[in-house]
Every structure is written in C-alpha cells, then in structure tokens.
Amino acid sequence: AARRRAVFFLGGCAPPPIPPLDTGASASGGLAAMSTVPFFNPVEMVNQIVVLIVVCVVLAMMIRHWDRVMVAITGDDRIHGTTLDCVWFTFFRCCGTCTGDWTRCLTKSWCCFCESYQGTNLIKELGKFLGISTYTIELKNIVVGDLPFDSRGDFYISVECAKNPPMVTSVAEEKKPKVVHFPEVITLRLRWSPFEDRVKITVKELNILGSSNLCQVQIPAMSIVEWASQPGEQVKRFEMKPADLAMAGESPPWLLVEFGKPMDERELDKFHGPVDVIRTARQGDERALRMVNGDSSTDKDKPFRDMRVEEFKRQYILLDNTGHAMQEPLEMDLQSIEWRACLVNMVHYALLYGGVFLLLGLGVVRMYIGSCYTRYRHVTMAYLNNATFPISIYELRILVGRCQNRVQGAGLKSGVPCKPSYEQVLDMCEPYSEGGHYPKEQPPVLAFEEVMSKVGWRTGLSCPYESCEMNRFFWKYEEEIVPIVVLVWLLMVIGIRTAGNACVRAKKYRLQHVRAEQTREFQQHRAEIA
C-alpha cells in the first residue's frame with residue numbers, strides 16, 4: 001500500500017484516501033483516553049485545606065507572639081532599629097563613614113558667638129532640628145501612687161523608648177501601693193518627631209516567678225522633648241491605665257515625673273576628647289583638699305578630671321572579683337601593636353579601594369574612547385555612502401541601521417562603505433585642516449551624543465581626534481593587560497594584608513616575651529632580697 005501511494009504521488013496523482021479506523025478500536029481508544037483524565041479527589045482536597053488552615057494559624061500565632069519568636073531567634077524581643085535610624089545612618093552619617101565631629105572645630109573657634117552651640121556637632125544639631133537625631137532627656141523625682149494592688153509589694157518601673165532595651169529602676173521593697181518613691185534618674189534618647197514611638201512607662205510588681213504589670217502610661221516623645229526645654233513645664237503628673245480593670249480602685253493610679261536636661265557632673269554630652277582620655281568625677285575628699293590648699297586653677301575646680309589611659313591604669317589598679325591585683329599589658333605596648341595594626345589596615349584599604357576606583361576610572365575612560373570611535377565610525381559610513389553633510393543624529397542613526405542590516409551575516413571584509421576599515425576611520429578622525437577627511441560642514445563629534453539624544457538631551461563630551469588611536473591601543477591590548485593588572489592587584493591586596501598581620505603578630509609575641517623576661521627577673525630579684 002505504501003508503494004502504491006508513493007507511485008501515485010510520483011505520477012502526479014493524489015494518493016488514495018486512508019480508510020477509517022475500526023469503530024470498535026476507536027471506542028476502545030476513547031475509553032482508554034477517558035480513563036487517563038484526572039478526576040476530583042475529595043481526600044486530597046481536604047488535606048490541602050487542613051494544611052492551609054494550619055499554616056494560617058501558625059502565622060497568626062507568630063504575629064501575635066512576635067516578641068517570643070524574636071527571643072527564640074536572636075535572644076532579644078525586638079529589632080533595635082527604626083526608619084529614622086536608617087535615615088540618620090545613611091544620609092547624615094554617610095553609611096557610618098562620617099560622624100560630623102569635624103564641625104566642632106568650627107563651633108569651638110572665636111567665630112561661634114552662640115554659647116549654647118560652642119563645641120557642638122553641627123550635623124547632630126541639624127539632625128535634632130529635623131527630628132532625625134536624638135535629644136538626651138532625664139527622668140527624675142519619680143513617684144507613683146494609688147496603684148491597683150491590695151497589699152504591700154515589691155514594685156519597680158520599666159521604661160521603654162524607641163527600639164531601645166527596656167530600662168528598669170531598683171525594686172522598692174515592701175511598699176504600700178498608696179505612694180511609692182524611686183530615687184533613680186533614667187536617661188532617655190528621644191527624637192523630636194511625630195514618627196518616634198511613644199515612651200511606655202509601666203509599673204510592675206515583682207513575684208517569686210516573674211512579675212506582673214499593674215498599670216501603664218504612654219507619653220508622646222515630642223511632648224517630652226518640649227516639656228524638658230521649658231522650666232515651668234518639667235514636672236508632670238499623669239494618669240495611668242490599670243492592666244487589670246478588676247483591680248482598679250476608687251482613684252486612678254498616677255505617675256509623677258520630672259523631665260529635664262542631663263545634669264551629669266562629668267558633662268559627658270559635651271565630652272568629645274581623644275579616644276585615650278578617661279573622664280572621672282572628682283571625689284568629695286579630693287575637692288575639699290584642693291579648697292584647703294587654696295588651689296584656684298580653673299581646670300581643677302571642675303567636678304571632673306581627665307586622665308590619659310596610662311595614668312588612669314596606674315592610679316586605679318586592675319583587681320579580680322576578690323580584690324587582688326591582676327597583671328595586665330602595658331598601655332605603651334598596646335598602643336604600639338594598635339599603631340601597627342592601624343597602619344596595616346590603612347595600606348590594605350588604600351590598595352583595595354584605590355584599585356577599585358582605578359579600575360572604575362579605566363572603565364569610564366574605555367567607554368568614553370569607545371563612544372568617540374563609534375561616532376567617528378558612523379560619520380565614516382555616512383561619508384563613504386555619499387551622504388549629504390551636515391547630517392543629523394536621526395538620519396545618521398537610520399543610515400547606520402541600514403548598513404548593519406546589509407552587512408550582518410554577509411561575511412564582508414572591512415573596507416566597504418558599510419563596513420569601513422580602521423585606516424578609513426583613522427583618516428576621518430583627523431580634522432580637515434590637518435589633512436583629514438572629516439567634513440567641514442559636520443559639527444564636531446561628541447561622546448555619548450546618541451545616548452543623550454534618546455532622552456532628549458542635545459549634549460555630550462568633546463572627542464579629540466587622538467581617541468581613534470587610543471581605541472586601537474585598548475582594543476589590541478586590553479584582553480591581555482586587564483586580567484594581568486587585576487591579578488597583580490588582588491595579589492598585592494592579599495599579600496599586604498597577610499604580611500602585615502604576620503608583622504603585627506610577631507611584634508605582639510616579642511613584647512610578650514620581653515615582658516615575661518622582665519617579670520621573671522623581678523620575681524628573682526624579690527626572692528633574693530627576701
């Protein structure tokens with residue numbers, strides 16, 4: 001049958017029709033096809049619904065008890081960061097690379113006439129004004145009363161602000177709930193911004209197992225900042241909401257608190273000295289002794305004292321938990337090691353970022369040279385195709401597109417009008433006044449001109465005629481030079497880091513050996529004397 005159909009087809013006649021298949025076979029085939037069609041499975045559907053419900057319940061429980069989920073994951077019940085923190089860190093601190101302390105040189109000079117801003121960080125002050133940076137506010141003279149509790153108890157206060165960890169007072173032991181005083185001064189960091197979280201002040205009662213919340217009040221952060229700066233509005237008494245309404249008494253619980261600016265004797269908010277200076281408060285007997293001796297020095301009259309770390313460690317000996325003196329490395333040794341480690345880091349990062357910026361710069365130069373050469377090549381195409389000059393960017397783009405369609409896949413060699421050779425382009429790069437063939441009527445070639453024209457900008461970077469030769473150089477040697485340069489750069493970065501770390505470790509071991517020998521000789525000398 002196949003041969004007969006082939007003969008008919010070759011003879012010009014149509015092949016005979018193929019006889020229909022057997023009806024019984026068709027029916028059996030249809031039943032077989034129907035048997036493969038999937039049908040509804042109620043058991044599988046029920047399983048999918050149950051899984052979906054379980055997933056939704058688990059997600060709801062995680063959202064409801066998010067603090068416990070965070071404790072299980074991170075060991076803390078909250079994420080210590082807000083949107084305002086991201087804005088401050090990104091835009092005002094330049095992603096942590098700048099603190100703004102350089103502005104203190106301006107505020108410490110004679111040209112700063114405002115006393116309240118002398119020695120301050122102008123970047124931080126600007127952040128405070130915009131509500132991005134924090135103010136320092138103190139909570140003091142704290143008193144609570146009419147607590148919803150029916151007997152004596154051990155009470156304490158928990159204060160939460162922003163995303164910082166909660167701060168608690170000491171426990172007022174066996175106090176009556178009518179009036180409870182707390183002697184602590186709590187320092188808060190608040191922003192003058194409507195986006196700042198409210199300050200939560202909660203009174204708790206300490207139990208044998210855990211503690212219970214009695215009442216709470218939430219105060220806007222902006223109001224606290226404003227009250228702290230107004231002398232007549234610093235002391236406030238707030239109504240607190242009971243946690244258990246069944247325990248509410250006849251009088252609502254209340255909180256008395258005074259908001260104010262920091263009153264630290266050491267003036268730590270204004271202390272921004274060298275990193276190796278420690279500021280300590282003067283002791284009472286030290287102040288009295290100076291007054292008796294009649295010492296009228298301005299620095300010595302201050303309630304604090306600034307000392308270098310080396311002097312501080314000599315005056316305050318390191319002790320263990322039982323009060324015995326402990327041995328520690330000398331500060332001069334630590335500074336020597338730190339100086340070498342800092343030098344290694346500086347050289348390492350200078351090579352690392354210097355190489356990155358150098359490669360980026362070379363990439364930009366390569367793009368610029370390539371764009372110039374491409375524009376000269378397009379003008380050469382127009383010249384070889386007898387185009388009329390001056391030619392617009394749009395017309396030149398159409399001509400180049402036609403040339404690309406004509407030569408693409410044709411296997412033509414360079415030198416034809418739509419595929420000019422390097423020598424032809426180089427001849428076009430030279431201006432007409434110097435013997436080149438660049439048309440006098442055509443405006444000078446601009447790099448990135450075509451890209452700029454697509455977004456509506458009629459501008460670009462001027463291209464020197466030497467860019468064609470430079471493009472030839474890059475095209476000829478970039479495949480060999482660039483990998484070698486990158487490899488040498490990486491080896492230098494890794495090698496400097498490795499050698500520097502080895503040098504720091506060697507210096508550390510030498511100092512340890514010298515100090516160990518000195519200690520051994522000192523102990524032998526003491527033994528001989530004894």
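The model is a predicted one. The chain has 530 residues, and its secondary structure amounts to 15 helices and 15 strands.

**The chain as a whole**
- Of the 530 residues, 27% count as buried.
- The accessible surface comes to about 36,500 Å², and carbon and sulfur atoms account for 62% of that area.
- If you look at contacts between residues at least 6 apart in sequence, 59% of them join residues at least 24 apart.

**A nonpolar patch on the surface**
- Take a look at V46, V50, V51, V54, V55, V58, L59, M62 and W66, which together form a nonpolar patch on the surface.
- The accessible area of these residues together is about 760 Å².
- Helix α3, spanning residues 42-64, gives the most to this patch, with eight residues.
- A reminder that helps when viewing it: an α-helix has 3.6 residues a turn, so residues three or four places apart point the same way.
- V46, one of the patch residues, is found in helix α3.

**Helix α11 and what follows**
- Helix α11 runs over residues 331-384 and has 54 residues.
- From its first C-alpha to its last, helix α11 reaches 78 Å, close to the 80 Å expected at 1.5 Å a residue.
- Just after α11, you will find N386 with a positive phi of about 60 degrees.

Terms used: Residues numbered from 1 in each chain as written. Predicted model: local features only at pLDDT ≥ 70, side-chain atom pairs only at ≥ 80, totals over all residues. Heavy atoms only, no water. Patch = residues over 30% accessible without salt bridge, like charges linked within 9 Å, V, L, I, M, F, W, Y side chains within 5 Å. Areas by Shrake-Rupley, 256 points an atom, 1.4 Å probe, with all protein chains shown as cover. Salt bridge = Lys/Arg side-chain N within 4 Å of Asp/Glu carboxyl O. Helix = DSSP H or I, 4+ residues; strand = E, 2+ residues; numbered from the N terminus. Buried < 20%, exposed > 50% of the residue type's maximum accessible area, 1.4 Å probe, protein only. Contact = heavy atoms within 4.5 Å. Expected span 1.5 Å × (residues − 1).
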